[in-house]
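The following paragraphs lead the reader through one protein model. Please keep the sequence and the structure in view while reading.

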Amino acid sequence: GDETSLRTNSNVETLRKLLKSSGIYALASVATPVITLALSPFLARHLSPTDYGAFTILNNFVSLMAGITQLGLGSAFFRAYSYDYQTKKDKRDVLATITTLLGIVSVVTVILMCLVAPWLSLFLFGRSSFTTVIFLGAVIVLLQNLTVPGFAWLRAENKPLAYSLLSIGNLLVSLITNLVLIGVFSFGLTGAILGIGSGYAFVTLCILPVVLIHA
């Protein structure tokens, strides 16, 4: 009877922790479409059709480049950190390796994108006047990639609250920056791009030093 009771209590406690963690992660997941939905009408009103189209194209291109240059290391890290290695030293080595690899790949990508920026501008937008936009997009790819080790490490260490706070902070910083740069200072397309970059910059500044210390 006592063994059954202990097993039941253990199952209940496991379920409670699972629901708590899932709820916190779900909060971060729900925040993304909500803030994106709130921002879309604002951008549509304050950007010209040309700038809004350019912003959409650049956003998709940045997502593509980030997906390619991240090399699936986020998922690979979670597997290696949580299952393949057990000692603290090995876990630190895994974190250091993924951070270094992503940093090198991202820096090389930024350099290459800047070198071919005029050609990319012509290919994506049909004109070479968006070269500066490509430069900014390259920086966003770098910043987005630098957030990957931190987010992966927080999930592997089962820190859902910190993960969700950073995710929501990313979105809120991006939202506020867009409202200020576009709504107040009328920065247009540049303001929209800086808005995206500011969110990733916020996360990078918050989590990267912690990752480097643990690595």
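With which residue does Arg 79 form a salt bridge? The partner of Arg 79 is Asp 84, and the closest N and O atoms of the pair are 3.4 Å apart. A salt bridge here is a side-chain nitrogen of Lys or Arg within 4 Å of a carboxyl oxygen of Asp or Glu. Asp 84 is partly exposed, its relative accessible area being 45%; the term covers values between buried (under 20%) and exposed (over 50%), computed with a 1.4 Å probe on protein chains only.

The model is predicted, and local features need pLDDT of at least 70, side-chain atom pairs count only at pLDDT 80 or more, while totals for chains, interfaces and linings use all residues. Residues are numbered from 1 along each chain as its sequence is written, and side-chain values use heavy atoms, with hydrogens and water left out. The pLDDT is the predictor's confidence in each residue, from 0 to 100. Its average over the protein chain is 88, and 87% of the residues score at least 70.

The whole structure holds two salt bridges. Besides the pair already described, Lys 89 and Asp 93 meet through their side chains at 3.1 Å, N to O. Both residues belong to helix α4, where they lie four residues apart, about one turn of the helix. Lys 89 counts as exposed, at 52% relative accessibility, whereas Asp 93 is partly exposed at 35%.

Attention now turns to the interior. In soluble globular proteins, nonpolar side chains tend to be buried together. A nonpolar core is a set of buried Ala, Val, Leu, Ile, Met, Phe, Trp, Tyr and Cys residues joined through side-chain atoms within 4.5 Å. The largest has 32 residues, of which Leu 43, Met 113, Phe 125 and Ile 134 touch the most other members. Two or more residues come from each of α1 (2–46), α2 (49–69), α4 (88–115), α5 (117–125), α6 (131–156), α7 and α8 (188–214). Apart from this core lies another, of 19 residues, including Trp 153 and Tyr 163.

Thr 177 is found in helix α7, residues 160–184. Thr 177 is buried, with a relative accessible area of 18%. Leaving aside neighbours within four places in sequence, Thr 177 is in contact (heavy atoms within 4.5 Å) with Ile 182, Leu 194, Gly 195 and Ser 198.

On a 1 Å grid over the protein atoms alone, a cavity is a set of points where a 1.4 Å probe fits but cannot get out, and a pocket is an open set with protein on both sides within 12 Å along at least five of seven lines; lining residues have an atom within 4 Å of a point. Grid points are joined across faces, edges and corners, and a volume is the space filled by probe spheres set on the points. The largest pocket has a volume of about 1,000 Å³. Of its 34 lining residues, those closest to its centre are Thr 32, Gln 144, Asn 170, Leu 171 and Tyr 200. Helix α1 gives the most to this lining, with nine residues.
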